[in-house]
Amino acid sequence: MPAPREAAIENRLWSLDEAMPRSELRALQARRLRETVERAARVPHYRDALLKAGVTPGDIRSPGDVRRLPFTTKEDLRANYPFGMLAVPRSDLARVHCSSGTTGRPTVVGYTAEDLETWANLCARFLVAGGLKPEHMVHVAFGYGLFTGGFGLHYGIEKVGASVVPASSGNTERQIMLIRDFQSDALICTPSYALNIAEVAREGGLDPRQLSLKIGHFGAEPWTEEMRNEIEMQMGLYAFNNYGLSEVMGPGISGECFRRDGMHVQEDHFLVECLDPETLEPVSPGSNGELVITNLTKQAMPVLRYRTRDICALDDSPCACGRTGIRMGRIFGRTDDMLIIRGVNVFPSQVEEALLKVEGAAPHYMIEVDRPGALDEMTVRVEMKAAQFSDMISQVQALRERIQRAIYGITGLHANVELVKPQTLERFTGKARHVNDKRKDKRRP
C-alpha cells in the first residue's frame, strides 16, 4: 500500500520564525503595525486618510487596532500613479513592478533593497514548506517583467540554494524540451498552464507523467481541489498552492506545507483580516469573506488594509507541521469576478469544480453570460476529451447532460452547455480568463 501523499514531502522550516509562539507573534505584529503606520504617515494619501480617521501611530497598541485604520483599494493606488504611494525617496528604490491588470492605469509597486531581501526569504519559506530542496532544479514558466511572479520566485529559489531555469512564459514545446532535457525537479507556473504543458506533451508523443518533475508550485489564479487532482493525475507530481498579489508584495504572502490543508500566512510580515465585503465586519473563523491585508515590513510602499477582493476563509487551528501562522483556504472567487445571474451569485471556480467532477470533460472552458430578453442566460463552452469527441451523438448528449447536472448541483442554475472539439478554446500562459459577460455592452445608463 503506498504511503500517504503528505509523507512524501519532508517537513522542513526555512526560518524558526515560522514556528513562533502565537503570543510572541502577536507582540511582534503590534510593534510592526505601529512602525508601518509611522511609515505610511509620510505618504500624502495616508497622511490625509489617517487624519480623517483620527488615528496616530501612538494609538496602535495591539494587532486588533488595525481596524481603526483606513482601507486601501486598487483605485487609490491608480489615483496616485506612478509614485504617489511611496514612503521613501524615488532614489531609494531598487526595483519597480506593476500589476498584471489589462485595463486602466497599472498599479505600481516599489521595493527597496531590504524589501527585495524580505521578499526572497518569504518565497523561500513556502517553497521549502512545499518540498523544495537545494539539490533541485526548478523550471519557472512565469513571465519575467513587470509582473511580480517570475522575479519574486526566482530569487526565492536561489535563496534555498536550488538551480533556476528562467524559462519565462510561452513556447510550450520548448518548455517541455527543457524540462525533459534538464531533468527538472520542480515546475512553477499557473495551474492552467501546467495542464497546457501536459496536453502539449501528450500531443507530441510524450507522457507527461514520465517527466522528472516531482513537485509543482502553482499560483497567480484561483484553482480548485479538483484541478489539483487533475494536474497530479496528468503530470505525476505533488501540487502545492501559494498566494500573493503585487499590490502588497507579490508571491510569498502564504503557501501550503506538506499537509496541504490551507496556506500558512507569513503573519510576521502580513496582518490579515477576513471581512464581510458588504458590511466590512469580521466574519467568523472558517466562513468565507474578503481578504484584507496590511503589510508589516514593507519599506518602500507600506499598504494599510488593502482590500484584495479575494474571497476565502481563515483557519486559526493548530497545524501538525509546527508552523503557527494562520491558514487561508483556497481563493473561492473575487468580489469583482462574481457573476450575478438571475439573482444567484456564481463564481467561475464553481463551474470549474463541476466540470472536473465529470468524466469526459476537459478542464478548458469559457463562461458566456448574456441577456437576450428579460432574463440572464449562462452558456458554458466546454472542450471534450479526445476519446469522447469521436464517440456517437447519443454519448455526446449524455456527456452534455451530466455537465448540466453537475453545474446545477453546485450553482443552482440551469446552464446551456456547448461541447466543442479538443483544442478549440484559447490557452493562456499567464492568468486564465474564463468569463465573457456580454451584458456589460447592453446595460442602459
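The model is predicted, so local features need pLDDT of at least 70, side-chain atom pairs count only at pLDDT 80 or more, and totals for chains, interfaces and linings use all residues. Residues are numbered from 1 along each chain as its sequence is written, and side-chain values use heavy atoms, with hydrogens and water left out.

**Helix α6**

- Helix α6 spans residues 172-182, and its buried residues are T172, Q175, I176, L178 and I179.
- These residues cover an arc of only 160° around the axis, so they lie on the same side of α6.
- The arc is taken from the directions from the helix axis to the C-beta atoms.
- "Buried" means under 20% relative accessible area, "exposed" means over 50%, and "partly exposed" lies in between (1.4 Å probe, protein chains only).
- Helices (H or I, at least four residues) and strands (E, at least two) are DSSP runs, numbered from the N terminus.
- The buried residues of α6 pack against β3 (137-140), β5 (186-189) and α7 (191-203); contact means heavy atoms within 4.5 Å.
- Q183 follows α6 and has a positive phi, near 55°.

**Helix α9**

- Seven of the eight residues of helix α9 (residues 348-355) are buried, so α9 is largely enclosed by the rest of the structure.
- The buried residues are P348, S349, Q350, V351, E352, A354 and L355.
- Their cover includes the helices α8 (225-235) and α11 (393-411).
- It also includes the strands β17 (344-346), β18 (361-370), β19 (377-384) and β21 (435-437).

**Cysteines**

- The count of disulfides is zero; a disulfide is a pair of cysteine sulfur atoms within 2.5 Å.
- The sulfur of C98 is 18 Å from the closest cysteine sulfur, in C123, which is too far for a bond.
- C98 counts as buried, at 10% relative accessibility.
- The sulfur of C312 is 5.0 Å from the closest cysteine sulfur, in C274, again too far for a bond.
- C312 also counts as buried, at 0% relative accessibility.

**Cavities**

- The structure holds three cavities of 30 Å³ or more.
- A cavity is a set of points, on a 1 Å grid over the protein atoms alone, where a 1.4 Å probe fits but cannot get out; lining residues have an atom within 4 Å of a point.
- The largest cavity has a volume of about 90 Å³.
- Among the residues that line the largest cavity are D17, E18, R125, H264 and R323.
- By class, its lining has two nonpolar, four polar and six charged residues.
- Asp, Glu, Lys and Arg count as charged.

Note on methods
On a 1 Å grid over the protein atoms alone, a cavity is a set of points where a 1.4 Å probe fits but cannot get out, and a pocket is an open set with protein on both sides within 12 Å along at least five of seven lines; lining residues have an atom within 4 Å of a point. Grid points are joined across faces, edges and corners, and a volume is the space filled by probe spheres set on the points.
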